[in-house]
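Hi,

Here is the structure I promised to pass on to you.

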There are 2 protein chains.
Amino acid sequence: MGVKEEPNKEILDPWGSSLIKDYERLFTLFGISPITDELISSFPATHRLLRRKVIIGHRDLERILSAIKEGREYAVMSGIKPSGEFHLGSKLTAEEMIFFQRLSPRATLYYCIADVEAYNDNRQPLHVSEEIALSNIMDMLALGMDPKRVYVYRQSDELRVLRLASLLSRDVTYSTIRAIYGDKPFGLYISALIQVGDILLPQLPEFGGPKPTVVPVGIDQDPHIRLTRDLAKRHEKDFGFILPSATYHRLIRDLTGREKMSKRNPMGMFTLTEDLKSIKYKIMSAYTGGRPTAREQREYGGDPDSCMIYELLRVHFEEDDSFLKDLYYRCKSGEIICGECKQVAVERVLRWIEEHRKKREKMRGLAEKLLKEHRI
Amino acid sequence: MGVKEEPNKEILDPWGSSLIKDYERLFTLFGISPITDELISSFPATHRLLRRKVIIGHRDLERILSAIKEGREYAVMSGIKPSGEFHLGSKLTAEEMIFFQRLSPRATLYYCIADVEAYNDNRQPLHVSEEIALSNIMDMLALGMDPKRVYVYRQSDELRVLRLASLLSRDVTYSTIRAIYGDKPFGLYISALIQVGDILLPQLPEFGGPKPTVVPVGIDQDPHIRLTRDLAKRHEKDFGFILPSATYHRLIRDLTGREKMSKRNPMGMFTLTEDLKSIKYKIMSAYTGGRPTAREQREYGGDPDSCMIYELLRVHFEEDDSFLKDLYYRCKSGEIICGECKQVAVERVLRWIEEHRKKREKMRGLAEKLLKEHRI
């Protein structure tokens with residue numbers, strides 16, 4: 001397959017581009033719990049990402065489910081590095097955040113614009129981050145984020161996050177941070193500490209004090225969760241933190257099937273604001289599970305499990321489980337070949353994108369308001 | 001003499017307690033310039049700490065002297081870790097700050113309460129730092145700080161400092177920070193980066209943009225200055241910083257004559273709010289340059305250069321050069337013995353302290369105002 005695997009299996013790299021082969025091993029190594037069917041059934045609502053095991057693991061998610069059940073408040077915390085328009089990967093995390101925000105009227109979403117990380121990791125000036133963030137928030141709103149229960153902030157503008165990061169750094173040792181992240185530039189370690197501040201922000205007195213918090217992220221972000229939980233424990237006496245919970249989605253391969261989806265390889269992904277022709281072209285060029293010839297495929301069937309078109313529909317653009325199941329077996333049996341299937345995908349994706357754009361354009365004013373609201 | 005010297009001569013430790021034997025070597029090694037008589041003569045005013053070469057070195061001080069001469073604005077930047085009442089060491093830096101503030105009506109003093117450092121280095125909660133800071137500011141005012149040209153802030157409360165520290169961390173490598181500071185807990189590296197933010201704060205657009213800045217400190221703080229100048233250079237494009245200037249005072253031995261003066265050894269120093277009997281006792285117990293017996297001293301004379309009583313008067317409590325010179329020769333010649341000299345010192349110190357306390361008590365309201373003024 002030529003899929004890249006992580007070079008050092010002991011380290012998950014939040015800034016890396018490797019895929020993961022053996023999730024079970026990772027779960028055991030780092031103490032992550034799998035998302036079981038039983039757990040899924042205790043949710044008050046369903047979501048394709050849960051049903052289809054795109055969200056595959058968690059830490060202490062029971063704490064959030066109890067809060068929902070008992071009508072207690074909780075926080076949903078995540079964010080985005082505003083280094084570009086929303087793409088398929090950002091959409092995934094966004095949908096998870098919004099799902100958790102909408103699961104209970106007692107949930108508040110904390111949406112962090114990680115502009116310090118964009119500066120440190122991508123050398124992107126803060127004012128550029130602010131422009132991109134506006135567009136990102138429009139997408140969040142179009143995807144269904146409830147604007148009445150969200151706190152949007154920029155890292156560079158949130159004193160309480162930077163203060164927390166500074167204070168919590170007291171008990172960090174270089175060997176711990178190196179064990180968690182491997183050898184990275186100092187600036188990325190600082191970004192990591194600031195993310196710890198982000199994740200614990202909802203528990204500060206100004207936001208009502210300690211509360212269950214869920215952080216929906218890709219599993220490659222688990223190092224941040226581990227560091228946060230470690231530091232939350234060490235500073236419990238000063239702050240009374242409840243250890244934050246997390247959910248983890250699988251790392252999604254990009255359209256080329258070779259790498260983790262990332263902005264670094266534009267042919268492997270598309271943004272939600274990209275030219276429609278370009279999106280169509282990328283889908284039509286995607287890696288599939290097809291046979292070398294149409295004849296062979298009719299005879300032996302295709303392999304939807306390794307097909308990026310199927311993945312695109314399964315993860316992103318097809319809500320209907322039975323349609324998806326049907327497609328799976330039609331591919332397996334050779335009834336449908338890749339060209340046809342790509343047409344189905346293009347049609348669905350472009351329809352979704354066009355709908356989404358109409359929605360997002362109406363959100364500009366509200367997005368501006370949310371972005372400026374808490375400016376100091 | 002039993003004086004401790006720095007264990008690794010390549011590293012100056014801002015958090016350490018070692019004294020320095022060979023200043024010239026240090027100057028050469030780190031590119032520090034000596035304070036020459038010529039430089040002193042170009043000051044528009046004089047100060048005992050300059051005349052007596054307590055302030056011994058500098059970086060780019062010419063830049064400040066030009067600004068004074070040409071009536072251009074400049075910043076004086078320093079601060080205090082609020083982990084205790086003002087003692088002799090804090091008084092020294094305070095007087096330097098105030099001297100530079102008063103040298104020109106275009107100078108603004110930036111006075112930083114390093115409460116994040118107190119948390120990271122001393123595990124001191126922020127609210128305790130705030131109480132102590134109030135007392136420290138009363139001392140600053142009593143020592144002559146002009147309240148109309150000062151910006152007092154707490155590190156934990158100054159978003160712009162923490163933001164700068166976060167952004168400037170981008171270009172720091174672990175090997176650089178380790179080369180500058182040696183092996184330290186991670187939290188102290190963060191404190192160091194925050195101090196970089198402190199030192200560059202006066203040059204932000206909110207404070208009128210790039211300007212000459214002088215940082216009067218003990219020479220053991222030079223690592224912070226070097227790191228700041230290095231990062232200011234690397235981020236010049238984004239911020240347009242002018243490299244900050246610095247002055248360095250010698251490390252003062254404590255009353256026992258054995259160590260750098262520090263809060264860690266209370267018999268070696270006293271605070272400005274300490275019980276007068278205790279101050280008297282410490283002075284009477286100080287290490288002197290006397291002979292084993294009064295008879296020998298009358299015959300051979302004492303050694304004022306190694307005497308902590310002489311040092312106390314020279315550095316702190318005697319403004320009159322000729323009185324000091326006279327005392328020096330009277331000691332050398334055996335005309336005065338240690339008991340008498342200590343009485344002179346006790347009398348001068350207690351008189352100074354009593355005067356100071358009267359002044360500082362009147363400053364409480366103003367100090368409260370300065371501390372709260374810029375609270376976010």
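**The sheet and the contact between the chains**

A:P34 has A:G57, in β2(A), as its bridge partner. The strands β1(A) and β2 (residues 55-59) of chain A run antiparallel and are joined by 2 bridges; strands count as paired if DSSP finds at least two bridges between them. Both belong to an open sheet of 7 strands with mixed pairing, in the order β1-β2-β7-β6-β3-β4-β5 (chain A). Its edge strands, β1 (33-34) and β5 (150-154) of chain A, each pair on one side only. Helices (H or I, at least four residues) and strands (E, at least two) are DSSP runs, numbered from the N terminus.

Before going further: this is a predicted model, where local features need pLDDT of at least 70, side-chain atom pairs count only at pLDDT 80 or more, and totals for chains, interfaces and linings use all residues. Residues are numbered from 1 along each chain as its sequence is written, while chains are lettered from A and ligands numbered from 1 in the order in which they are written.

The contact (C-beta atoms, placed from the backbone, within 7 Å) takes 22 residues from chain A and 22 residues from chain B. On the side of chain A that touches chain B, α8(A) gives the most, with 5 residues.

Best wishes

Key. Two residues are in contact if their C-beta atoms, placed from the backbone, lie within 7 Å.
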